Amino acid sequence: MALDAYASSNPNQVHSDVLLKSRDACYKARDAFYACLEKESGKKLTEIASVGLLYPKECSNSRTEFVKNCRSSWVKHFDREYCRNKRVQRLLDDGDERKGPMSLPQPYTFKPSPPA
């Protein structure tokens with residue numbers, strides 16, 4: 001509803017942050033931040049991002065670029081998506097046999113016993 005009211009009050013305004021060049025800059029900043037998270041995964045998590053995402057201080061510069069180049073709603077979306085993917089990956093990689101890809105029993109082929 002609020003978006004409709006906003007769009008109707010500014011019908012000719014083009015938002016530069018949704019144009020291709022700006023989206024590409026956002027995606028590059030996002031990829032750089034999450035690559036830093038993966039690279040520095042062994043370090044102590046001291047900084048807090050949106051939706052409860054924690055990251056090491058070494059990734060602060062890339063996080064700042066990410067937040068600067070992307071809309072705040074996109075940042076929250078990408079953070080949620082990253083957390084969800086990490087949670088799923090953690091469940092799949094767990095050592096418990098009940099988790100991860102399901103292994104189905106192999107079909108049994110009957111082999112007659114040798115004659116006695």
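At 1% relative accessibility, Pro56 counts as buried, where buried means under 20% relative accessible area, exposed over 50% and partly exposed in between, with a 1.4 Å probe and protein chains only. Before going on, please keep in mind that this is a predicted model, in which local features need pLDDT of at least 70 and side-chain atom pairs count only at pLDDT 80 or more, while totals for chains, interfaces and linings use all residues. Residues are numbered from 1 along each chain as its sequence is written, and side-chain values use heavy atoms, with hydrogens and water left out.

What surrounds Pro56? Leaving aside neighbours within four places in sequence, Pro56 is in contact (heavy atoms within 4.5 Å) with Leu37, Glu40, Lys43, Lys44, Leu45, Thr46 and Glu47. The C-alpha atoms of Pro56 and Leu45 are separated by 4.3 Å, although these residues are eleven apart along the chain.

Stepping back, the protein chain has four helices and two strands, running α-α-β-β-α-α from the N terminus on. Of its 116 residues, 20% count as buried. Among contacts between residues at least 6 apart in sequence, 47% join residues at least 24 apart.

Leu37 itself touches Leu53, Leu54, Tyr55, Pro56, Cys59 and Tyr82, not counting residues up to four places away in sequence.

How do α2 and α4 pack? Their angle is about 35°, with their axes 12 Å apart; axes are lines fitted to C-alpha atoms, for helices over the stretch in contact, and angles run from 0 to 180 degrees between N-to-C directions. The contact is made by Arg23, Cys26, Tyr27, Arg30, Tyr34, Leu37 and Glu38 of α2 and by Trp74, Phe78, Asp79, Tyr82 and Lys86 of α4. Arg30 deserves a look here. At 19% relative accessibility, Arg30 counts as buried, and this residue touches Phe66 and Phe78, not counting residues up to four places away in sequence.

Aromatic rings are our last stop. The structure holds seven aromatic pairs, counted for rings of Phe, Tyr and Trp (its six-membered ring) with centres within 6.5 Å; planes under 30 degrees apart count as stacked, over 60 as edge-to-face and the rest as tilted. The rings of Phe33 and Tyr55 have their centres 5.4 Å apart and their planes at 85°, so this pair is edge-to-face. Phe33 lies in helix α2 and Tyr55 in strand β2 (residues 54–55), so the pair ties together parts that are 22 residues apart in sequence. Both Phe33 and Tyr55 are buried. Ring pairs also link Tyr27, Phe33, Tyr34, Tyr55, Phe66, Phe78 and Tyr82 into a cluster.
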